[in-house]
Amino acid sequence: MDVLGRTLFGVDVTENPVISEASDAILARFDTSRFWSFLPDRLPTPTNRRYRQKLGELQTFVDDLSEQRREERPENRGDDLLSILVNFVETSDLTQEEFRDNMVTFLFAGHETSALGLTYTLLCLAQHPEEQAKLQAEIDAVCEGVVTAENLPELERMEHVIDEALRLYPPVYTFFREATQDVELQGFDIPEGTTLVLPQWAVHRDPRWWDDPKTFRPERFASDTDWPEYAYFPFGGGPRHCIGMRFARMEIKTVLATILSNYTFELASNPNPDLIASTNLKPGEPIRIKLYKHDDFEGMAR
Ligand code: HEM
């Protein structure tokens, strides 16, 4: 949330609870593991009321903030998304409403997904200390004491670890498409208007495409990847492919590389946490890790 507060809005979320409160209210409203998320918006349930109130506050906040930025000279505006869109609105026919809705979408789509991606990567690594050691060796070889944006593309093994964690635990575990015309797919007749379910969770664990699918094996992404294109789609596909994918990967890599260059960790919670099919794939209980600072850890090992 801190990262999104700064990069989307150019603000410190600890000083602006409106952003995190709205994000929580939006996620609760669309929590598909709860029956009330299927009730119509117009019913005054506590979740609907909170959603409307917090969404309204966020919209006012975005409007006020964009007004403030407009009053600043363009060269004094930041490089957060809001400032970039303010510049764009001035030279395009994007309406204030579209602008504001885009900001809300980015917040909704970008926060929990990335946090979950990072959490599941930490879970997998906590269960595989040997993999932590390999990543630490890679970080030592690539980064000179400090992780920078320039180093990130060179952390290839880490890339495969993240790929594999997102295969086993895709934060977006399913999504939907509607047929806009009658179509035949693999011998199945699909009439116009049919809703199709595209379940990453099931496809990513299908033994037709993956050897030993339940095992965490990052090197499968290092060797020739000859599976069909949509055997792996944690970020969706086609024209609505996740626009934040590179950002999310960069964010996860930065946090992971920073943790691993200072700490080794082990799991301090249930190794097989229940998972909940909510809006995103969420652990049903907190995933905890215990960190050992490298110096202490080496001391202990000696
Ligand atoms: C690990 C992290 C992430 C995962 C797994 C993920 C996954 C996805 C998926 C599967 C879709 C396609 C949904 C569909 O087609 O129905 C999507 C769309 C989208 N994502 Fe992400 N996402 C992540 C991070 C982010 C971040 C960090 C942002 C922005 C800051 C973001 C912004 C968006 C937006 C705006 C869309 C809608 C794109 C459109 O409809 O054109 N995502 N994401």
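Which residue forms a salt bridge with Glu 67? The partner is Arg 70, and the closest N and O atoms of the pair are 3.4 Å apart. A salt bridge here is a side-chain nitrogen of Lys or Arg within 4 Å of a carboxyl oxygen of Asp or Glu.

## Ground rules

This is a predicted model, in which local features need pLDDT of at least 70, side-chain atom pairs count only at pLDDT 80 or more, and totals for chains, interfaces and linings use all residues. Residues are numbered from 1 along each chain as its sequence is written, and side-chain values use heavy atoms, with hydrogens and water left out.

Glu 67 and Arg 70 both sit in helix H3, three residues apart, so about one helical turn separates them. Helices (H or I, at least four residues) are DSSP runs, numbered from the N terminus. Glu 67 is partly exposed at 39% relative accessibility. Arg 70 is also partly exposed, at 25%. Buried means under 20% relative accessible area, exposed over 50%, and partly exposed in between (1.4 Å probe, protein chains only).

A salt bridge also joins the side chains of Asp 80 and Arg 69, at 2.9 Å from N to O. Asp 80 lies in the loop between H3 and helix H4 (81-90), while Arg 69 is in helix H3, so the pair ties together parts eleven residues apart in sequence. Asp 80 is buried, at 5% relative accessible area. Arg 69 is buried as well, at 7%.

Asp 63 and Arg 100 form a salt bridge through their side chains, at 2.9 Å from N to O. This pair links distant parts of the chain: Asp 63 is in helix H3 (residues 46-71) and Arg 100 in helix H5 (residues 96-127), 37 residues apart. Asp 63 is partly exposed at 22%. Arg 100 is buried, at 17%.

The whole structure holds 17 salt bridges. A network of them links Glu 159, Asp 163, Arg 249 and Lys 253.

## Two domains and their interface

The domain assignment, automatic or from a database, gives domain 1 (1-94) and domain 2 (129-302). Their centres, taken over C-alpha atoms, are 27 Å apart. Eight residues of domain 1 are in contact with nine of domain 2. Contact means heavy atoms within 4.5 Å.

About 530 Å² is buried between the two domains, and carbon and sulfur atoms give 56% of this. Buried area is the accessible area (1.4 Å probe) that two parts lose on being put together, summed over both. In domain 1, Val 3, Thr 32 and Ser 33 lose the most area to domain 2, together 49% of what that side buries. Zero salt bridges are found across this interface. Helix H1 (residues 2-9) gives the most to the domain 1 side, with three residues.

## Arg 167, a buried charge

Arg 167 lies in helix H7 (residues 156-168). Its relative accessible area is 0%, which makes Arg 167 buried. A polar contact of 2.8 Å joins the side chains of Arg 167 and Glu 164. A polar contact is a pair of N or O atoms within 3.5 Å; within protein, one must be able to donate a hydrogen and the other to accept it, and residues adjacent in sequence count only if both atoms are side-chain atoms.

The backbone oxygen of Pro 213 lies 2.8 Å from a polar atom of the Arg 167 side chain. Leaving aside neighbours within four places in sequence, Arg 167 contacts several residues, including His 204, Trp 210 and Tyr 232.

Key: Helix = DSSP H or I, 4+ residues; strand = E, 2+ residues; numbered from the N terminus.
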